[in-house]
Amino acid sequence: MKVNKRSIAAFGAIAAVSALTLAGCAGGGADNGDSGDQESAGEITVWVDADRASVLEDAAAAFTEETGVDVKLVQKEFGDIRDQFVQQVPTGEGPDIAVGAHDWLGVLVTNGVVAPVELGDSAGDYEQVAIDAWSYEGQVYGVPYAIENIGLLRNTDLVPEAPTSYDDMIAKGQAAGTEYAFLVGLDPEAADPYHLYPFQTSFGAPVFGTGSDGGYDPADLQIGNEGGQAFATWLASQGATGAGVLNTNINGDLARENFVAGKSPFFLTGPWNVPAAEEAGLNLAVDPIPSAGGQAAQPFAGVQGFFLSAESDNKLAATDFLVNYIGSEEVQSALYEVGGRTPALTSAYEAAVASDPITAGFGAVGADAVPMPSIPEMGAVWQFWGVTEGAIINGAGGDPVELWNKMAADIQAEIE
Amino acid sequence: MTTPTIDRETAAETIKSKRSRRAAKIAEAAGAGWKLLLFKVVALGIIDALALYAALVLFQSEQLIPAILLLAITGIANWVYFSRGNLPAKYLIPGLIFLLVFQIFVAGYTAYIAFTNYGTGHNSSKESAVNALMLSAQERVPDSPAYDVTIVEQLGEFSFLVTDPDGEIELGGVERPLQPVDNAEIEDGKAVSVPGYNTLRFADVVANQNVIAEMAVPLSDDPNDGALRTPDGSRAYVYLSNLEYDEAAGTMTDTRTGTVYTDIGTGAFTAPNGAELRPGWQINVGFDNFVRAFTEESIRAPFLAVLVWTFVFAFLSVFTCFALGLFLAIVFNDPRMKSKKYYRVIMILPYAFPGFLSALVWAGMMNQEFGFLNVVLFGGADIPWLTNEWLAKFSIILVNLWLGFPYMFLICTGALQSIPDDVQEAARVDGASAWQIFRNIKLPLLFVAVAPLLIASFAYNFNNFSLIYMLTGGGPRDVAADVNVGATDILITMVYKVAFVGSTADYGLASAFSIIIFLLVATISVIAFRRTKALEELN
């Protein structure tokens, strides 16, 4: 009898759990159905990563106090947000606002899950590169908060003066007598187009040309132009069969280790590697990236910000929160404090630059930076770009210019 | 074998009827107690209430099929637990429900996606696509000023009370272009109320934000002047739309160029010249994805090479791991071996690390210039472990051997220990050599036990995505090749690249590929299991 009782209780429990599971699935589906009717809910949902959640809590509390609208912060892994947003917004279960990077825009707009945000007259209060980055086909799709770009990190004990050109940098690096004249993290197979891009632009070879609305034009692939070919030749000359400055066996971790150990005066990297160098007690300066091809060496800028769901039922409240709270100097400065990335709002940017020479250094390089293309066609570029650069640096695969032209043709074919 | 067959059947029947009688007795005893009945009623009542609520919610959101399914399942569950018989079903139903939710639904959904164009740009329903297109088509007229706006209400209808930058005060609604008013009350240079209308507080604005966000108040009778819209309820801007949606005809018209985009059944509004408006929406495309898997140049070209390597990789992985595992198991099973325990612990260590982490560590150790292998073991040699096509393949097998042999070692040890010693002794008495005992007695007995595991291991390695992805990323790639597929890519990593890494995600194609891979693995497994059955009968 006892056994039977227990087993029946177990059935009950299992059945209840399974029913709850079903009900859970169904309950989730319910939100999209009736949230349109519950207009007085007065709550906006924001997807945010752990770092930023703490800062936004204060802004959210202030917003709730002033407007009566609750702000629900949902923590997500930053890397997962884009795909989950694309998948969940159409089901009605997505958030009203999510944190993200500007280069997601192409995918988000193509999938119709983001809505334009009207910054109104406050658009002029942001750094130009941030607004450019968050614009897509002439519309601004979010509120930017931080700009991130690479710069040339210099160990001032080894080399006291900023280099004026790439050749000057190598000469200074060799004169310093360290093991490496210059460090940049590369991958054995895929090199690193992101870090090598400023050298490429210094030869006058951007990836895409710009269209009439100021955005990148996928129909105008520039990477294979004469400048690109010159860059390919230069890459080979710096690679394994040439000067050997660029070494694909030194990945990002090894490059950081060597720089921190004082084995090189120069390290081409972003703000994320500064803490390690500072902890090691190095005296640092951030210099503009020296030009290899004569023209300005423009790195990519990545701009982070918050975007608005196209299916949001709380557009007014969400827009108000975005423009007037996330776009405020307090929040932007607070986000800078936790993330260390240069703020996008000019007033917060100036405050940050005034207080920290390293930030000022990256900010100065960032003024020359170009937004990383956010058009979906960029995906086709990445998959050929790095492998070709790797092959050229390693001296494998033959003539660098031929390899470069082949790459441009492959990208063109993939885009079409 | 002396007993006639008929007798055996009767005997079996007697046992069976005895059993079912006993079961029925137990069930009756269980059902008889009023406490249990009460418990049953309450438990099922809760479940039914939840299911009913869920079904109502589903009906409300117009998801008819899931709602009907839910009700049907609940009905069946009720019938099973309240009827007197159906004892097996009482045990099976919870498991069946889990199977349905977590296995069959997932597999069925994958199959469903394989027949759609779900992917970047075809992400949602036509309705959301139209909504998104209309949203992004609303563009603020360049350099147009910002208007202060107060939302006012009269007889349930909202209006904008607008203070333009010059201080003019106007009132307008969706159907009524802006008209000047002169008796508005002004605060800080902004009109805040007007007689005859209620001014909305921010909370009221938020409560009605759907309606207000949709409002477009025409500036004048001429629609080309644009309309005022407010994104935040306190400021309004002049917007013009680039697109016009004709719901009856199902067409989108670009107001700047006059191009008409029509729904031609491809899941996107398409212009006569073939240009598509993005986003589009999800539609059923039949067998298109399967056809593409075999005909699209970028997929077909590397398909054969990848398929061959997938088989080679899966076979060699199983073979090498099994060979080493078996060898070690035999060695450690020998009674003459000392301190076996400690060796065994060391043997199993690689099994205890997460596989993808080990793969990453190995990738570091195989660095051509700074890796542990070249620097320490090969005295500074320059061996391109991961960047040479053949060495990379070798490295993959090697790392997988390191990762996989402990498992084979464990199961072989278990299987070996389950082989009775007297069988071997008998063979020895008959004068068989050690090799003969192994070859003719131990190995066949071992195979009976481990063959299913070998097949499972083959199926696992056939789809061993994490190892390939973490160790070589499918590379090295031939730069001369037109497609993004490397020397060590197996089917699943190729699918990943084709479906996700290119310019856009294509879930439909990826699902189709998953089904193709499933069919391959299933076919191989079925054949292999048939063979092992034959093996069992041999013994």
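Q: Which residue forms a salt bridge with A:R154?
A: Side chains of opposite charge can pair when their charged atoms come close. A salt bridge here is a side-chain nitrogen of Lys or Arg within 4 Å of a carboxyl oxygen of Asp or Glu. This is a predicted model, where local features need pLDDT of at least 70 and side-chain atom pairs count only at pLDDT 80 or more, while totals for chains, interfaces and linings use all residues. With its closest N and O atoms 2.5 Å apart, the partner of A:R154 is A:D287.

Q: How many residues apart are A:R154 and A:D287?
A: Strands are DSSP runs of E, at least two residues, and helices are runs of H or I, at least four, numbered from the N terminus. A:R154 sits in strand β8 of chain A and A:D287 in strand β12 of chain A. The pair links distant parts of the chain, 133 residues apart.

Q: At what angle do the axes of helices α13 and α15 of chain B cross?
A: Axes are lines fitted to C-alpha atoms, for helices over the stretch in contact, and angles run from 0 to 180 degrees between N-to-C directions. Here the two axes come within 10 Å and cross at roughly 145°.

Q: Which helix supplies the largest share of the nonpolar patch on chain B?
A: Patches like this one join nonpolar side chains (Val, Leu, Ile, Met, Phe, Trp, Tyr) within 5 Å, using residues with over 30% relative accessible area and no salt bridge. Its members include B:L52, B:F59 and B:L71, and together the patch has about 670 Å² of accessible area (Shrake-Rupley method, 1.4 Å probe, with only the protein chains shown counting as cover for residues). Both α2 and α3 of chain B supply at least two residues each. The largest share, 5 residues, comes from α3(B).

Q: Which peptide bond is cis, with omega near 0°?
A: Most peptide bonds are trans. One exception involves B:P279, in the loop between β15 and α8 of chain B. Residues are numbered from 1 along each chain as its sequence is written. The cis bond runs from B:R278 to B:P279.

Notes. Chains are lettered from A and ligands numbered from 1 in the order in which they are written. Side-chain values use heavy atoms; hydrogens and water are left out. Patches are made of residues with over 30% relative accessible area and no salt bridge: like charges are joined within 9 Å, nonpolar side chains (Val, Leu, Ile, Met, Phe, Trp, Tyr) within 5 Å.
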